[in-house]
Amino acid sequence: MALTQIKFAPGVDKQDTSVGAIGRWTDSDNVRWRYGLPEKVGGWQSLLTDSIVGVARKQHAFVDTEGNRYIAIGTDKFLLIYFEGQLFDVTPLSTTISAATFTFNGTTTITITTSAAHNLEDGDIVLLDSVTLPGGTGLSASDFEDKLFQVITTPTANTFTITFTSAGSAASGGSVNIKPYERVGPAAQTYGYGFGISQYGGTVQGAQTTTLNGALLADTAGTGGSGTAVTVVSTTGFPAAGTIAIANELITYTSKNATQFLGITRGAKGTATTGTSNGQAHSTAATVTDATEFSGWGDAVDAGTITLEPGLWSLSNFGQVLVATIANGKTFTWNAGDAARLSVRASTTTTDFVTTGNPTATRATLISPTTRHLIHFGTETTIGSTSTQDDMFIRFSEQEDINDYSIQATNTDGYQRLQDGTKIMGTLVAKENILLWTDTALYTMKFVGAPFTFGFEQVGTNCGLIGKNAAIEIDGVAYWMGSNGFFSFDGTVNTLPCSVEDFVYDDVDTTKGQQICAGINNLFTEVTWWYPTSGSDFNNRYVVYNYGVTNNPLPMGNWYTGTNTNSIRTTWIDSLVYPKPYATAYNSSGTGNFPSIIGETGLGRSVLFEHETGTDQVNPDGSVTTLTSFIQSYDFSLQTDQGAAEYFLAMRRFLPNFKILQGDATITISVADYPADQNTNTTLSPFTVNSTTTKVDTRARGRYAAIKIENTGAAESWRFGTFQADLQPDGRR
């Protein structure tokens with residue numbers, strides 16, 4: 001019987017059934033298509049012997065004036081610099097808390113007491129300085145001096161606990177200065193519904209806080225047990241009317257003045273002292289938090305009340321100066337031209353690049369490429385007042401001066417508010433303009449000169465961005481993932497036909513869109529999105545669009561997917577500053593070792609990989625993890641003059657046809673009698689082939705057959721050509 005050649009088009013089709021996807025592959029993992037042929041993707045290796053504490057959310061590569069290359073890496077806890085094979089911690093510090101004291105209790109748990117409210121939260125990172133231990137602990141001050149610790153608990157507004165590696169004998173006193181790291185945000189995004197979001201106790205990171213100025217008693221009255229006012233240090237930043245939280249008690253108020261919440265109702269939403277209608281007792285200096293937008297505290301709420309976004313960064317460069325903005329927070333700079341750069345932290349007071357005049361609550365920032373304005377997106381209408389943050393408001397600095405926002409007739413500062421949408425989601429520098437997405441629309445921002453400086457044009461509707469890092473641009477074309485599909489912009493917004501759209505959108509967790517990461521691999525004309533599925537806290541699947549293989553005969557483009565745990569990424573940068581793509585992988589159950597944190601727990605770890613090198617995964621410790629891959633074909637049938645699948649087919653042999661085969665490949669033949677049947681492997685499958693295999697004898701019988709090509713061993717690579725098999729009719733039924 002003559003050999004039959006079965007041809008497959010590039011990419012994967014999951015929109016059709018396994019029988020209906022004629023001429024297509026229907027499943028894949030760690031496979032790409034190049035020149036129309038499927039091949040295993042290249043391997044990757046760790047660039048470091050260290051792993052990073054926490055989950056990396058942003059990378060940015062840049063070069064200083066001397067040609068030195070750097071990568072800034074923003075995580076949910078830190079801002080790091082990768083330089084010449086090493087990591088450096090340049091995370092900005094918050095306000096120092098001076099003259100705190102220790103309490104050792106004979107265990108590894110140490111309580112630190114501050115004279116004023118510390119405003120720390122569980123999981124925060126603190127640097128200890130000027131340490132003097134109380135006598136008799138059996139420990140040395142050098143064990144704590146200039147060491148990082150994780151805050152384990154915050155029992156009161158004036159106390160928090162850390163964990164040391166060994167127990168100290170019971171003692172109290174001493175002195176220590178606390179230098180908190182600037183808080184970035186949670187590791188994962190949480191949707192606001194049900195009874196609790198974010199941290200234990202229901203707090204929301206970034207909420208406005210103040211402290212009590214006087215005690216509250218366990219009654220229904222205000223400060224000191226009288227009246228209907230709660231006195232605090234300052235009410236700045238709190239809504240005119242709303243809800244405050246003190247420890248586990250909620251208190252509503254109807255108005256406020258500079259230092260008081262007025263018209264209060266104690267013990268709101270069931271948070272009164274157990275068994276009574278009284279409020280709880282709180283000491284002076286206790287932390288008071290704006291709880292107006294808290295969801296699920298004591299009662300069920302609407303699912304759309306609030307989304308707690310993960311810790312995110314905007315990273316760009318003003319020449320050789322890194323500009324780093326914490327999402328919904330402040331903007332810091334780090335100067336690569338500083339002689340002591342690797343021992344200096346990012347700061348708002350960096351010499352010659354101060355940002356103390358910048359907004360203090362901004363969703364995203366970037367430097368305009370030609371005019372060198374620092375642009376804040378989703379920022380404050382009144383600079384320095386976080387309560388005025390408007391998610392649709394844009395503010396830009398004076399040209400060449402990233403700290404000047406004083407709008408005058410003689411400068412180019414300015415602002416603009418967008419209309420379509422509820423919040424700005426993300427921005428990109430494109431070929432001729434800046435692209436900015438809201439949750440519903442796409443705008444362009446272009447320099448137009450005096451008097452407006454920048455012009456704004458809405459170029460798309462119903463095409464919003466699903467997450468801050470879910471858009472990418474290459475060769476003048478932007479690609480992005482929205483809440484309802486994939487899009488491109490080349491001067492016109494286009495919906496990308498997608499052969500795996502249902503597979504992606506039937507299971508993607510759109511409430512965690514801020515965790516989605518997009519990356520370009522220009523070496524293979526690929527755009528990849530890594531995303532979390534329903535029930536997953538972190539990214540666990542990816543989808544690839546190959547913009548370089550158009551598949552003209554096929555209307556849904558060249559797409560492929562994967563779920564291999566080793567292939568999931570949280571950040572990606574293309575091969576521009578560096579010759580290969582660099583990416584980070586996160587393991588929530590792992591433990592990172594940079595920066596070194598005493599008492600670290602539950603923060604997970606990220607690994608920085610160089611891609612397209614070797615065939616497998618090389619880990620920080622030098623060990624190798626096998627990189628497996630596979631492709632699965634559609635269920636093909638024997639085509640006769642009686643029609644497709646009218647006859648059962650018999651396969652007697654097939655001829656492997658690999659363009660490249662390093663090591664072994666495994667080929668499995670599976671058959672089914674009807675489209676609704678589950679495919680079963682043939683008796684002799686799977687078959688192991690190598691570069692010397694000329695033919696494989698098999699016995700396969702069924703109305704439909706499919707092939708699966710995979711590798712399961714280390715140091716293996718392959719590129720498949722065509723499938724040729726001896727197929728003949730084997731009766732009708």
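Okay, charges to start with: the chain carries 43 positive and 67 negative ones, and their mean positions sit 7 Å apart. For that count, Lys and Arg are positive and Asp and Glu are negative, with His and the chain ends not counted. Each charge is placed at NZ of Lys, CZ of Arg, CG of Asp or CD of Glu.

Before I go on, this is a predicted model, where local features need pLDDT of at least 70, side-chain atom pairs count only at pLDDT 80 or more, and totals for chains, interfaces and linings use all residues. Residues are numbered from 1 along each chain as its sequence is written, and side-chain values use heavy atoms, with hydrogens and water left out.

Now the overall picture. The protein chain has 1 helix and 64 strands; those are DSSP runs, H or I of at least four residues for helices and E of at least two for strands, numbered from the N terminus. The radius of gyration is 30 Å, close to the 27 Å that the globule rule gives for 733 residues, so the chain is as compact as a globular protein of that length. That radius is taken over C-alpha atoms, and the rule is 2.2 Å times the number of residues to the power 0.38. Along the principal axes, the C-alpha atoms fill a box of roughly 100 × 65 × 55 Å.

How much of the chain is buried? Of the 733 residues, 56% are, where buried means under 20% relative accessible area, exposed over 50%, and partly exposed in between, using a 1.4 Å probe and protein chains only. As for contacts with a separation of 6 or more, 63% of them join residues 24 or more positions apart; contact here means heavy atoms within 4.5 Å.

On to the inside. In soluble globular proteins, nonpolar side chains tend to be buried together. Here the largest nonpolar core has 76 residues, and those touching the most other members include Trp480, Trp529, Met651 and Phe723. Strand β40, residues 477-481, gives this core its largest share, 5 residues. Another core, of 23 residues, lies apart from it, with Ile73, Ile125, Leu148 and Tyr181 among them. By core I mean buried Ala, Val, Leu, Ile, Met, Phe, Trp, Tyr and Cys residues joined through side-chain atoms within 4.5 Å.

Leaving aside neighbours within four places in sequence, Met651 is in contact with residues including Phe636, Ile669, Phe723 and Ala725. Ala725 itself lies in strand β64, residues 723-732, and is buried at 0% relative accessible area.

Ser633 is another one to look at, in strand β53, residues 629-633. At 1% relative accessibility, Ser633 is buried. Beyond four places in sequence, Ser633 is in contact with Phe8, Arg24, Trp25, Thr26, Ala706 and Ile707.

Where are the cis peptide bonds I'd point you to? One runs from Ala450 to Pro451, with omega near 0°, and Pro451 is in the loop between β37 and β38. Another goes from Ser685 to Pro686, with Pro686 in the loop between β59 and β60.

Then there are positive phi values in residues other than glycine: Ala285 is near 80° and Asp352 near 70°. Ala285 is buried, at 18%, whereas Asp352 counts as exposed, at 69%.
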